Amino acid sequence: MNGQKDRQRQDALQIMVLDSPAEAGAAAAAVVLSCVQAKPDAVLGFATGSSPLPLYDALAESGGDFSGVQGFALDEYVGLPPRDPRSYAAVIHSEVTRRLGLRPGAVHVPDVSDPDLDASAQRYERAISDAGGVDLQILGIGHNGHLAFNEPGAALDSRTRVEVLAERTRRANARFFDSLDEVPALCLTQGIGTILQARHLLLIAHGTDKADIVSRALQGPVSPECPASALQLHPQVTVFLDRAAAARLHP
Ligand code: GLP
């Protein structure tokens with residue numbers, strides 16, 4: 001019985017190991033392009049952070065037509081001034097909307113300007129379901145196993161909500177700010193349950209510093225202690241790694 005379950009999980013999880021982040025990005029871009037060719041009005045889920053940048057580079061260079069696509073970002077910091085260049089709304093605009101030629105406003109980002117963040121979170125959930133759900137969700141992974149900003153301990157069925165950033169996450173993201181003190185303490189993030197509803201998940205990771213967490217997430221126990229381990233519960237996950245990030249996977 002367990003053997004059968006393990007086989008089903010392995011069928012659901014496809015792991016591709018490429019020589020470099022650029023090659024992993026190009027291979028992941030081919031999946032996104034074929035999704036959009038098959039469905040020009042596809043709903044794509046976009047991640048921020050450095051992991052998906054080679055994928056966005058490859059998509060920008062592909063000349064693909066993304067004019068019919070709509071999208072949803074995974075998360076947003078709470079507390080940055082409006083139009084702050086470090087906000088994920090700004091990053092999504094410059095790395096995704098502008099570079100790929102999406103319609104202005106085609107990518108939704110959680111609205112953190114509403115003082116009622118819980119109401120905003122519920123509106124975001126509704127917007128995703130009103131759009132028919134996410135066809136293909138692009139994901140990175142945090143060093144502590146976070147997906148979007150779902151930090152260790154997040155329930156595997158959690159929905160969009162306010163989350164407190166872990167110290168490890170704030171330190172990792174301090175590279176985008178002048179000092180650690182400037183990194184926001186709160187965010188609005190899609191929940192693990194929200195992410196698992198996307199029809200196809202595409203995880204990208206590169207670098208030696210991700211090797212441990214990639215093996216824990218894909219081959220360790222499924223537990224809220226490692227939110228990304230929830231990927232093992234999804235029926236269609238494609239993972240693109242460079243050799244360094246794949247170094248701790250067992251055959
Ligand atoms: C960020 C984002 C995540 C991202 C992760 C990894 O803080 N909220 O969506 O996947 O952390 O970031 P990076 O790709 O820069 O390592």
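Q: Is the β-α-β unit made by β2, helix α3 and β3 left-handed or right-handed?
A: This is a predicted model, in which local features need pLDDT of at least 70 and side-chain atom pairs count only at pLDDT 80 or more, while totals for chains, interfaces and linings use all residues. Residues are numbered from 1 along each chain as its sequence is written, and side-chain values use heavy atoms, leaving out hydrogens and water. Look along the strands as they point away from you: a clockwise path from the first strand over the helix to the second counts as right-handed. With helix α3 at residues 53-62, the unit of β2, α3 and β3 is right-handed.

Q: Which residue of β3 is the bridge partner of L44?
A: Strand β2 (residues 43-46) and strand β3 (residues 70-73) run parallel, joined by 4 bridges. Strands here are DSSP runs (E, at least two residues; helices are H or I, at least four), numbered from the N terminus, and two strands pair if DSSP finds at least two bridges between them. In β3, L44 has as its bridge partner G71.

Q: Which strands are the edge strands of the open sheet?
A: The sheet has 7 strands with parallel pairing, in the order β1-β10-β9-β6-β2-β3-β5. An edge strand pairs on one side only, and here that describes β1 (13-18) and β5.

Q: Which residue in β10 is the bridge partner of I15?
A: Strand β1 pairs with strand β10 (residues 237-242) in the parallel sense, over 6 bridges. Within β10, the bridge partner of I15 is V239.

Q: What percentage of the ligand's accessible area does the protein cover?
A: Let's visit some polar contacts, meaning pairs of N or O atoms within 3.5 Å. A polar side-chain atom of D75 lies 2.8 Å from a ligand nitrogen, while ligand oxygen atoms are 2.9 Å from a side-chain N or O atom of H146 and 2.6 Å from one of K210. Of the 390 Å² of accessible area (Shrake-Rupley method, 1.4 Å probe) that the ligand has on its own, the protein covers 95%.

Technical notes. Polar contact = N/O pair within 3.5 Å; in protein donor to acceptor, adjacent residues only side chain to side chain.
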